Amino acid sequence: MPENFTHDTFSTEQYHYDVQARKHPTTVAVKSKLPKAKVTSNGLKIGDDLFHHGITWNVRTEEIYTPIYNDLPLAGKYHVDFAKQFTYNRFSPRHGRWVQPYPVVPLPELAMPSFDPNHNKTWAECTDERAQWVKSLLQKESNRKIALYYSGGIDSLVVLISLLKALDTKELRERLTICCSMESVIEYPVFFEKEVLGQFKIIDLKMGTVRFNNLINQGFTVITADLGDAMFGTEVSTQFYYTFRNHAERLGFQGRKMVSDLLEDIGKPDAHYSVYKDVLIAYLETPNVYSMPTKNRENILTPGFGEWYYNKLDKLAQTSDYTVHSLHDFFWQIIFNVKWMHCSCRCFMYFGDHTHNKPLFEHTRYINWFQSDDYQRWSMVNNNTGQKIKGVTASTYKWAAREYIYDYTKDDWALYFKLKIASFQKIAPVHSYPHAMDIIDRFALDTNYSVVRHSDPGVIDYIHHHLFNYNELL
Amino acid sequence: MSMTEQSLKELVAKQDTIGRVPFNGSKFYSSDANYLIYSVGVDRFILSDRLDLWTTLETAKILSSKIPLTLIALTNCSVDINNENCLFYTVAEKTGWKMSENACPELGAVSGEDAVEEAGIALDFKDPISAQWLVNLQNYAFFCQKMLHAIRVADAETNSDDAVFFKELLDVGIASVLQSRADHTRTPQGALLWTKRVLYTSQTIEEAIDGINKIWDSRVLRDKDIRDRFFEYSGLPFNPGDN
């Protein structure tokens, strides 16, 4: 495989960081002198297209957004409010109407396939066929070896189990390496002891110090299950269902039965999401409802943020060719459509060091497991079939994946009680990286597949220009 | 010149080192404290214990091999939540709890009459099969809690040989030059840790009892005191093994 990666060779000396702060990772971000990587992109010129961009609140973006916030047009303020309210939501639309300040074009390899209402493959069929495809890659190229990011969570379990089934020879299994951390074991210890330990090579990610680019540089094809959430919905939804009654009662909804009935209808196809509009708006603008407070964050949102966000999602639903009807669909479209790029790119954008990433796509060196047309079409036709969420709580979320796991493990504990846990930060804790300050400097992916930093030439001007000229609310 | 009782009292009264003002733990410790193992996924309490925060936290950690849990210390609340009815109760204010944070349990605290509420059967556990698994979970949780209370008290009463505890307080280099034992049994790493290990990795109560019996097999055991106490407190029938 001819490859021509240009990347930053990682060295802690490359970045300025505070040794004392490293001992307390949560305070890493609180320092005055911000670092700058040696290898950078060409920067941005006003009007440049992007594949993807960040909307994140941290000490770097705070420096950029805070001085201009009060002078921004309303849409610009709401855009910054996204960062405050839902940090790590980096939205780039793949389909439908979703206006934003920067010109964004879809990354071809991550495009959404057309909606096919007749798609009838099951979750198990999509999964087993995907595993056979990986097997065929291994069979075609004898020097290809696989590194699977394994968290012990539902999504990466699906991947591993399908590979356990598909890789049916010793030679093939020897080319699969499990990349994990102790947290991966803690998420599902019995499975790890029985199916992984002693059966596969294991790479300890060592609290994130063994990173994506290390694996690529060692010649691995990296598989992640990052897009698993996008198949089923998002934890923003299960968190809402969980707190629904509190939000409803604060708005004056009276009577446990009415609130309970509303809650039980959440995943039903005959209950339109607009029924929940008032409660949704309250949820979407509740301070710190779904973000990690930082020392300097002021989670004071511009009035109307919740309603604006609701209307934006409503517009997206109405302009998409898949059907968005129930409340669970309403949340699902966030991650399946506008957040897909974030889940697809974060491995190399934030957990890796390569500046130029086109070879990853050209040589299939980076496999987002769920980035297949079949999986995406499965997700589009399975709204409200009980496959994404069987009931209304997190215990039945990702039901099709739970059943797939159960079919192999026969483990009732996992079927009924395993929860979706935000695992990636556990196995790759970016905030404790020695160069965490560089990571928060990363702003976008340009159309040359290069990571663009805030400190690259012209980027601050680019942000200012586009935020100040962002007037279209919906 | 010897110290008088009065002068010692005066000396004590002058002290202002940190720690002279006792830890304010009223959120977690009080005469009415109810330690509740809570599942955000089920959205109900699984177990109630009024004896010991730390044993209950360990039980939650041990159960995390099967379900992510949180330990909640409930204080200043007259609602009688116990092991007979806790499956019908939940925390009233949920906006502070995140659905998807950790597999490893953490400790939280709620206080007051309105901090908990009766909420009926958990929403997604109303069919007979999943309801049975909820009861199975509770059975296993109660079993773990009882075994942990028993082994912790038995160990504390009889074990003056826990060198491992002290080794961990010292430089890691010491471990490489000196061996240490956790108790006077011959169980690797000690009966206390091994009991937890059995509870953590077993899938059923029956499997766990088998594992516990192996710990106390008379071919392995040297110290009968801790064994006798453990079986007395745990209520398990003692199975001496083959010899």
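Predicted model: local features only at pLDDT ≥ 70, side-chain atom pairs only at ≥ 80, totals over all residues.

Trainee: How many residues does the largest nonpolar core have, and which residues have the most contacts inside it?

Mentor: The largest nonpolar core comprises 183 residues. Those with the most contacts inside this core are A:Leu148, A:Val158, A:Cys179, A:Val222 and B:Ile37. By element, helix α3 of chain B, residues 128-158, gives the most to the core, with ten residues.

Leaving aside residues up to four places away in sequence, A:Val222 touches A:Ala147, A:Tyr149, A:Phe212, A:Leu215, A:Ile216, A:Arg365 and A:Tyr366.

The division of chain A into domains comes next. Domain 1 of chain A consists of two segments, 123-232 and 341-427, while domain 2 of chain A covers 235-337. Their C-alpha centres are 29 Å apart. In the contact between them, domain 1 of chain A contributes 15 residues and domain 2 of chain A contributes 19 residues. On the domain 1 side, the elements giving two or more residues are α10 (228-232) and α18 (373-381) of chain A. That side divides into eight nonpolar, four polar and three charged residues.

Chain B is likewise assigned two domains, domain 1 at 34-122 and domain 2 at 140-234. A distance of 27 Å separates the C-alpha centres of these two domains of chain B. Their contact draws 13 residues from domain 1 of chain B and eleven residues from domain 2 of chain B. Two or more residues of the domain 1 side come from each of β2 (44-49) and α2 (53-63) of chain B, and α2(B) supplies the largest share, six residues. By class, this side of domain 1 of chain B holds six nonpolar, five polar and two charged residues.

There remains the contact between the chains, to which chain A gives 26 residues and chain B gives 25 residues. On the chain A side, the elements with two or more residues are α7 (182-187), α8 (189-196), α11 (235-250) and α20 (412-417). Of these, α11(A) provides the largest share, six residues. The chain A side is made up of twelve nonpolar, nine polar and five charged residues.

To return to the part you asked about, the 183-residue core has residues of both chains among those with the most contacts, including A:Val222 and B:Ile37.

Methods
Residues numbered from 1 in each chain as written. Chains lettered and ligands numbered in written order. Domains from an automatic or database assignment. Contact = placed C-beta atoms within 7 Å. Helix = DSSP H or I, 4+ residues; strand = E, 2+ residues; numbered from the N terminus. Nonpolar A, V, L, I, M, F, W, Y, C, P; charged D, E, K, R; others polar. Core = buried A, V, L, I, M, F, W, Y, C linked by C-beta atoms within 7 Å. Buried ≥ 20, exposed ≤ 12 C-beta atoms within 10 Å, placed from the backbone.
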